[in-house]
Amino acid sequence: QGTSEMIGEPTVSPVKEVTNIAHGNYAFYVTAYDGVCFSVNPASSDSVNVSVHENIFVTLSADRLKYCTESSSASSNPVVLTAKVTQGVPSKYEIYESGSLLYGVTSSETTITFTVFPSAQYHEYEVLAYDEVCNPDSATAAKTGNPLEISVYDPIKFNVNVDKTLLCLGDAVHLSIDLIEGNPVQYEWSTVTQNGKEVSITTTKRDSIIEDVPTESGYQAYTVIASDGICDDQMVSISNVLVKENIEMTLRSDIDNVIIGGSVNFLADVTRGEPLLFTWKADDRVVATTTENTLLEFPKSPSVYTVEATDSVCSTVTSQLNMEVKLPTAFTPYDKDGFNDIFMEDFKVTIFNRFGQVIFEGNNGWDGSTYSNAANPDQVKRTCGAMADPGVYFYSVILKDGKESKGTIEVVKM
């Protein structure tokens with residue numbers, strides 16, 4: 001500071017120890033006396049310049065402590081480290097990454113910056129500061145305390161798994177995250193219906209497995225956004241989940257009753273859903289299996305007709321209809337034109353004349369022939385061939401359900 005002062009009392013020793021000197025530049029002067037020859041005017045004096053250094057203190061900081069290894073955002077820009085000397089005058093810096101020397105910088109600046117790209121293996125940093133006096137080597141170099149650690153994040157990569165891609169309206173679908181890389185801390189789930197309606201799914205932010213019960217039919221697109229707050233958010237969508245409507249159906253017919261052997265058109269009137277297969281039954285007997293919703297049937301006895309519809313996903317739906325079947329009241333066996341020539345074909349029939357005598361029995365209906373036209377009705381002979389005279393006859397028919405039906409049938413000759 002340009003001032004001078006005596007250091008202690010004069011000594012007889014040529015050695016003087018000076019301690020507790022603040023850092024700075026000093027000029028030390030010494031004057032020698034012998035007390036005789038040169039007691040008034042010193043004959044000899046000398047000086048020396050001394051620079052006093054202090055121990056270096058250094059700190060290390062980073063512009064951020066989290067780093068993404070791959071991102072389109074600033075989170076994957078290099079991390080900027082700052083070494084700052086808060087005491088002393090440095091001459092050199094060394095930067096270590098996970099114990100290995102990364103940079104060596106010769107500088108007397110008290111603040112320097114440098115960039116690093118941390119990785120999962122190398123993400124701890126330490127700085128050593130040197131000067132030429134107090135901290136000249138690695139053993140005495142000033143260093144920070146614990147290494148500065150940068151948390152390293154890998155980019156998020158994942159797939160979405162779904163337990164079923166075909167389900168019925170009202171059923172639940174389960175979706176789960178198959179995490180490949182990264183460490184998400186939050187998931188946001190949503191779905192878009194076939195009509196374009198976006199529906200958020202209420203979950204906790206950590207839910208990586210969810211259950212959803214769709215409220216609309218059609219294809220559902222599920223989307224999940226995963227984030228860790230550091231790397232880019234990752235979005236994955238699946239759009240192949242098909243929700244089918246429950247089937248609603250009514251069985252109808254074009255007529256309410258039919259003469260046995262006649263035809264009935266049945267219609268499975270589907271008002272909801274998309275059945276793939278129809279199973280038609282008369283009572284408990286399957287009469288047909290079709291992919292069409294119509295059936296042409298020739299009832300042979302009064303029956304409860306049932307149709308079962310299924311789409312292989314939703315539950316099977318059934319609808320029933322009672323069909324009344326009547327027996328013919330007349331037929332024309334003489335015409336032999338292939339139309340109404342046989343009464344109750346495929347059925348067991350017994351025909352009686354007006355006297356109660358059996359004139360015909362058979363298991364394949366009645367073609368109008370009789371056992372005999374004997375003059376004496378009490379002596380009916382069992383010889384087939386003759387045709388019954390036009391008129392009304394009595395019958396007994398065993399229907400397909402095993403029941404017996406009795407009535408009259410008229411033989412008509414056109």
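L81 is part of strand β5 (residues 79-87); strands are DSSP runs of E, at least two residues long, numbered from the N terminus. The model is predicted: local features need pLDDT of at least 70, side-chain atom pairs count only at pLDDT 80 or more, and totals for chains, interfaces and linings use all residues. Residues are numbered from 1 along each chain, and side-chain values use heavy atoms, without hydrogens and water.

L81 has 0% relative accessibility and therefore counts as buried (under 20% relative accessible area, 1.4 Å probe, protein chains only). Leaving aside residues up to four places away in sequence, its contacts include L60, F114, V116 and L148 (heavy atoms within 4.5 Å). V116 is 35 residues from L81 in sequence, with a C-alpha to C-alpha distance of 7.5 Å.

An open antiparallel sheet has the strand order β13-β15-β18; strands pair if DSSP finds at least two bridges between them. β13 (157-162) and β18 (209-212) are the edge strands, each with a single partner, so one side of each has no neighbour in the sheet. β15 (residues 173-181) pairs with β18 over four bridges, and L175 has I210 in β18 as its bridge partner.

Two pockets are listed below. A pocket is an open set of points on a 1 Å grid where a 1.4 Å probe fits, with protein on both sides within 12 Å along at least five of seven lines; lining residues have an atom within 4 Å of a point. Volume is the space filled by probe spheres set on the points.

| Pocket | Volume | Lining |
|---|---|---|
| Largest | about 1400 Å³ | 31 residues |

β1 (24-32) and β2 (44-52) each supply at least two residues of the largest pocket's lining; β1 gives the most, with nine residues.

Definitions and conventions:
Buried < 20%, exposed > 50% of the residue type's maximum accessible area, 1.4 Å probe, protein only.
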